[in-house]
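The entries below follow the order in which I turned to each topic.

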Amino acid sequence: MHPCTCCGKNPAARHIGLCGSCIRSMGLSGLFARLHEEVRESSGLPPSPPRTQGGQACRICANECVLVEGERGFCGVRTNHGNRITAILPMGSAFAHAYLDPLPTNCCAAWFCPASREPGYNLAIFFYGCNFNCLFCQNWTHKLIPAAPVLTEDDLFRLASAEDVRCICFFGGSPEPQFPFALRVARRISRAYGTSKHICWEWNGAGNPRLVDLATRLSMDTGGTVKFDLKAFHPALHRALCGTGNERTLENFGRVAESTRGTDTLTATTLLVPYYLDAREVDAVAGFIASHDEDIPYSLLVFHPDYLLTDLPVTPRRQVEECGAAARKHLGRVHIGNLGLLARENSR
C-alpha cells in the first residue's frame, strides 16, 4: 500500500497508483488502459477487445469483439473459425471444472435463499475465461486457459443428475464467454428435473441481454438465483479496477430487476476493496439497486489480498461498518459476507 501519486495523502494500491477519490475526480481519462493491457499480455490474453477491420462481430457480451479468422476474443475462449464466431472448443465442450459443496454452502445467496437449507449438495461449475480484467480477482486462475480442464455437456448433466444435488451454480471467471454451452446444460437440467434442482448464476452481468434473459428465466423456473457482481458504480473507478465499462451490467441488472420483481431470484454483491469500494461508492451502488427495488438482497463481501492487489489489507472493520450503514440507507436487506476474514485479521 502506497500514498496516492496524485493527492499524496490517501492510500492506494501499488499496482494502481491512484486512490479511489482521485480516480473518480479524473473521470474517464484512459489512464489505466495501458495498465490493463500489460496485465493481459502477461497472461497471454488479447490486451484489449479486438476491433480488427474486416472481421466478424461477436455479440456474446458487451465487449463485442470484431475478429478475423483464427483471432481470439478478449475472453480468450471465443474465436473466428470459418468466418463464424464460435467457441474455441468443439460444440458440447467447455473450459470448466466442477465440484460438490455440501449445503449450506458459501454461496453469496445462502443467507436468504431457502434452497441453501435443503439437505444435499451444490454443484459448482467454474468456467475459465472472463470478459472483465479485474485487478482484485479472487478467482484469477480462470485466466489459465491453456491448462484448463475440459468438460462436456454430458459430463455436467451426469453430475447434476445425482440424487443429492440440489443446486447447480454457474460461475467463474464469468459464465458469459461460454454462455451457449452453459445455457444448453441448464435447459437440459431444467427439462429433466424442474424445481427439484435449482439453477443459479454468478456473473459480472455484462452478457448479451437476450442470453441474460434466457438464463434468468431458467433460474426463475427452477427456484434458483441470479447474482450480479456490482464491482463499482462510478464508470472511471470501474474501468480502473476492471478494465471495462459497466454500462451493460447496469442495464442488464435493471431489466432483470423488472422481470423478477416480487421474487427472490435477483441478488447483488460488492467486494469491499480497501480504499476503493468505500462508503461513497457503496452508497451509489445501493441507491442504484433501490431505484429498481428496495427489497433486492445485497451482500457486501470482505476483501482478502489476492491477484495484483496483494499489498492491500483485509477490508478494515471501519470501512465495513461505514459501507454497511451506507447500503442500509437504501435497502431493506443487507448482509456482510466473509466476516471470518475480519476475525482472523484481528487475532493476529
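**Entry 1: contacts along the chain.** I began with contacts, where a contact means heavy atoms within 4.5 Å, and I found that 71% of the contacts with a separation of 6 or more in the protein chain come from residues 24 or more positions apart. I note at once that this is a predicted model, in which local features need pLDDT of at least 70 and side-chain atom pairs count only at pLDDT 80 or more, while totals for chains, interfaces and linings use all residues. Residues are numbered from 1 along each chain as its sequence is written, and side-chain values use heavy atoms, with hydrogens and water left out.

**Entry 2: overall form.** I looked up the secondary structure and found 10 helices and 15 strands in the protein chain; helices (H or I, at least four residues) and strands (E, at least two) are DSSP runs, numbered from the N terminus. The C-alpha trace spans about 55 × 50 × 40 Å along its principal axes. How does the radius of gyration agree with that of a compact globule? With 348 residues, such a globule would have a value near 20 Å, and the protein chain has 20 Å, which agrees; the radius is taken over C-alpha atoms, and the globule rule is 2.2 Å times the number of residues to the power 0.38.

Entry 3: The accessible surface of the protein chain comes to about 14,400 Å², and 53% of it belongs to carbon and sulfur atoms; the areas come from the Shrake-Rupley method with a 1.4 Å probe, and for residues only the protein chains shown count as cover. I then looked up the charges and found 35 positive and 33 negative side chains, with the centres of the two sets 1 Å apart. Here Lys and Arg count as positive and Asp and Glu as negative, while His and the chain ends are not counted, and the place of a charge is taken as NZ of Lys, CZ of Arg, CG of Asp or CD of Glu.

**Entry 4: aromatic rings.** I found 16 aromatic pairs in the structure; rings of Phe, Tyr and Trp (its six-membered ring) pair if their centres lie within 6.5 Å, and planes under 30 degrees apart count as stacked, over 60 as edge-to-face and the rest as tilted. The rings of Phe-126 and Tyr-128 have centres 5.2 Å apart and planes at 80°, so I wrote this pair down as edge-to-face, and both Phe-126 and Tyr-128 are buried. For Phe-127 and Phe-181 the centres are 6.1 Å apart and the planes again stand at 80°, so this pair is edge-to-face. Which parts of the chain does the pair of Phe-127 and Phe-181 link? Phe-127 lies in strand β8 (residues 121–127) and Phe-181 in helix α4 (residues 179–193), 54 residues apart, so the pair joins distant parts of the chain. Phe-127 and Phe-181 are both buried, and they belong to one aromatic cluster, whose members include Trp-201, Trp-203 and Phe-288.

**Entry 5: helix α6.** I found helix α6 (residues 235–242) mostly covered, with six of its eight residues buried; among them are Leu-237, His-238 and Leu-241. The buried residues of α6 pack against α1 (20–26), α2 (33–42) and α8 (279–292). Just after α6, Gly-243 takes a positive phi of about 75°.

**Entry 6: single residues.** I looked up Thr-270 in strand β13 (residues 266–272), and Thr-270 is buried, with a relative accessible area of 0%. Leaving out residues up to four places away in sequence, Thr-270 touches several residues, including Asp-229, Val-285 and Tyr-298.

**Entry 7: backbone details.** The peptide bond from Leu-103 to Pro-104 is cis, with omega near -5°, and Pro-104 lies in the loop between β7 (93–102) and β8. Tyr-275, in the loop between β13 and α8, has a positive phi of about 70° although it is not a glycine. Is Tyr-307 buried or exposed? Tyr-307 is buried, with a relative accessible area of 16%, whereas Tyr-275 counts as partly exposed at 25%.

How values were computed
Buried < 20%, exposed > 50% of the residue type's maximum accessible area, 1.4 Å probe, protein only.
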